[in-house]
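Thanks for coming. I will go through one model, starting with a surface patch and then turning to helix packing.

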Amino acid sequence: MSGVTSKQKALLVAIPIVVGAAYLVAQSFFAEEPARRTFFIVEIAIMKLLGAAGCFVAASRYRRREYMGVAWYLIGIDYFLLFAKDLMFGKTVHLPNLDPELAATLRVIFVVIGNVASAVGCVMLARVWHVAGIALPGSRRLQYAAMLVGIAVAVALVGWGTWQDLGTLRHTGDKDAYVAIASNLGDIVSFSAIAPILLTAIAMRGGALAWPWALVTLSNMGWLLYDMSWSFERQWALSEHTLRIVAEFWRGQGCIMAFAAGLAQRWAIRSASRT
């Protein structure tokens with residue numbers, strides 16, 4: 001048994017499609033500032049909160065300190081800290097009477113902690129095949145090659161943006177550069193986990209966790225495309241208006257795929273516990 005019913009599968013496919021379409025339609029109604037800025041603040045907050053909710057829902061199906069539960073909690077903590085950071089220490093939305101310098105420092109702290117948690121959680125998920133004794137498809141050489149390709153792609157797509165942010169930090173000392181660097185480094189580690197997670201999903205084809213693993217892979221890909229949008233913004237030759245639409249679309253997909261993955265995980269484990 002797959003652990004996920006046909007109706008649940010249809011819902012898991014529909015969620016990111018409907019959310020993505022709703023975003024594209026909704027943003028078109030907010031073409032002018034400051035309404036457009038407010039739209040993105042609200043949209044980003046909702047997406048991050050949904051990502052956190054999905055991960056916590058998945059983690060709640062496991063016993064305390066159980067390997068899989070810890071991995072999902074760590075990824076959920078990242079989403080929640082990013083949500084809290086925007087809500088309390090953002091440049092536009094923040095706590096009243098908050099010193100801007102302190103706010104910048106707290107943004108760095110929250111992003112660093114969140115990205116470390118997410119990176120560790122993704123690595124734990126990527127190692128499930130080893131912990132659970134799952135046989136991955138293909139030869140050992142092919143498996144390692146896939147992992148190396150994942151690392152190379154992550155560095156190629158996010159590394160350039162990281163190098164630019166390091167240059168900004170050296171020349172200006174802007175604390176927001178720390179935020180970008182921490183985010184990029186965390187993403188490199190998380191993106192590097194895409195290959196083993198994908199291979200695990202393929203190995204579990206027809207198994208209870210195939211859908212959660214496939215959606216986690218797509219979530220990581222969404223974040224990869226989000227970072228790629230900003231890393232190569234000059235090469236795209238797009239207006240900032242259009243680039244923002246594209247980048248936020250992929251960030252939203254990364255978040256909503258995490259939400260869907262959490263639902264799939266919960267449904268799969270609940271179904272398995274009944275059999």
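**Surface patch and helix contacts**

Helix α2 (residues 35-59) gives the largest share of the nonpolar patch, 3 residues; helices here are DSSP runs of H or I, at least four residues, numbered from the N terminus. This is a predicted model, where local features need pLDDT of at least 70, side-chain atom pairs count only at pLDDT 80 or more, and totals for chains, interfaces and linings use all residues. Residues are numbered from 1 along each chain as its sequence is written, and side-chain values use heavy atoms, with hydrogens and water left out.

The patch covers about 370 Å² and is made by Ile 41, Val 42, Ile 46, Leu 87 and Val 93. Patch residues have over 30% relative accessible area and no salt bridge, and nonpolar side chains (Val, Leu, Ile, Met, Phe, Trp, Tyr) are joined within 5 Å. Areas are Shrake-Rupley with a 1.4 Å probe, and for residues only the protein chains shown count as cover. A salt bridge is a side-chain nitrogen of Lys or Arg within 4 Å of a carboxyl oxygen of Asp or Glu. Val 42 lies in α2.

Now the packing. Helix α7 (residues 175-192) and helix α8 (residues 194-203) have axes that come within 5 Å and cross at roughly 30 degrees. Axes are lines fitted to C-alpha atoms over the stretch in contact, with angles from 0 to 180 degrees between N-to-C directions. The two are therefore roughly parallel, the term for angles under 35 degrees. Ser 190, Phe 191 and Ser 192 of α7 meet Ile 194, Ala 195 and Pro 196 of α8, contact being heavy atoms within 4.5 Å.

Last, helix α4 (residues 100-126) packs with α7 at about 5 degrees, axes 9 Å apart. That makes α4 roughly parallel to α7.

Methods: Angles under 35 degrees count as roughly parallel, over 145 as roughly antiparallel, 65 to 115 as roughly perpendicular and the rest as oblique. Patches are made of residues with over 30% relative accessible area and no salt bridge: like charges are joined within 9 Å, nonpolar side chains (Val, Leu, Ile, Met, Phe, Trp, Tyr) within 5 Å.
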